[in-house]
Amino acid sequence: MMHLHLKDAAATDALGQRLAAQRPAHAVVHLYGDLGAGKSTLARALLRALGVTGTIRSPTYTLVERYPLADGSEAWHLDLYRIGDPGELDFLGLDEGAASLWLVEWPQRAGAALPPADLRIDLAIDGHGRSAQLSACSQAGKAWLAAI
């Protein structure tokens with residue numbers, strides 16, 4: 001487990017860059033935190049560091065945004081805040097093997113309908129910045145966390 005204080009947006013970007021630099025070939029990240037805690041900001045920083053250009057939209061209304069990565073793979077950014085029932089995920093056309101990176105906000109709303117996390121990141125407002133707690137949930141997650 002790793003605890004960090006992210007004093008500003010630049011610190012959040014730096015964490016995204018560190019995560020991107022050590023990302024395993026296939027990874028699932030579950031992002032927890034209240035509204036405004038920085039989940040989308042961190043996801044955007046990680047995607048940017050992986051070579052995503054152009055607009056990176058928050059998937060608040062679309063539920064899922066797909067992004068081609070510089071290495072030719074694809075990342076999925078999901079925001080499940082508006083999911084009322086885990087069964088609603090069946091209509092999103094998500095195939096566990098299709099994306100090399102899953103960034104999932106509000107994963108608790110999906111129950112067991114998501115692939116298990118490799119890394120869990122809990123974000124919270126902390127003064128003028130954010131606190132981040134990173135927890136490994138798999139062997140790949142442990143190696144990822146150790147590398148950063």
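Residues are numbered from 1 along each chain as its sequence is written, and side-chain values use heavy atoms, with hydrogens and water left out. Because this is a predicted model, local features need pLDDT of at least 70 and side-chain atom pairs count only at pLDDT 80 or more, while totals for chains, interfaces and linings use all residues.

**Around the tryptophans**

Let's start with the rings. The structure has 2 aromatic pairs, a pair being rings of Phe, Tyr or Trp (its six-membered ring) with centres within 6.5 Å; planes under 30 degrees apart are stacked, over 60 edge-to-face, and the rest tilted. One of them joins W76 and W102, a tilted pair at 5.0 Å centre to centre with 55° between the planes. W76 belongs to strand 4 (residues 74-79) and W102 to strand 5 (residues 101-105), so the pair ties together parts that are 26 residues apart in sequence. Strands here are DSSP runs of E with at least two residues, helices are runs of H or I with at least four, and both are numbered from the N terminus.

Are these two residues buried or exposed? W76 is buried at 2% relative accessibility, and W102 is buried too, at 4%. Buried means under 20% relative accessible area, exposed over 50%, and partly exposed in between (1.4 Å probe, protein chains only).

A charge counts as over a ring if NZ of Lys or CZ of Arg is within 6 Å of the ring centre and within 35 degrees of the ring normal. R109 does likewise with Y81, lying over the ring face at 4.9 Å from the centre.

**Salt bridges**

There are 2 salt bridges, meaning a side-chain nitrogen of Lys or Arg within 4 Å of a carboxyl oxygen of Asp or Glu.

| Salt bridge | Closest N and O atoms |
|---|---|
| D71 and R23 | 2.9 Å |
| D122 and R120 | 2.8 Å |

What does the D71 and R23 bridge tie together? D71 is in the loop between strand 3 and strand 4 and R23 in the loop between helix 1 and strand 2, so the bridge links parts 48 residues apart in sequence. D71 is exposed at 53% relative accessibility, whereas R23 is buried at 15%.

Helix 2 (residues 39-49) buries K39, S40, L42, A43, A45, L46 and L47. Their cover includes helix 1 (9-21), strand 2 (27-32), strand 3 (64-68), strand 4, strand 5 and strand 6 (119-126), with contact meaning heavy atoms within 4.5 Å. After helix 2 comes G51, with a positive phi near 100°.

In helix 3 (residues 139-147), the buried residues are G141, W144 and L145. They span an arc of only 95° around the axis, so they sit on the same side of helix 3; the arc is taken from the directions from the helix axis to the C-beta atoms. The face turned away from that buried side carries the exposed Q139, A143 and A146.

**Positive phi**

Most residues other than glycine have a negative phi. L63, in the loop between helix 2 and strand 3, has a positive phi near 75° and is buried at 15% relative accessibility. W106, in the loop between strand 5 and strand 6, has a positive phi of about 60° and is buried at 10%.
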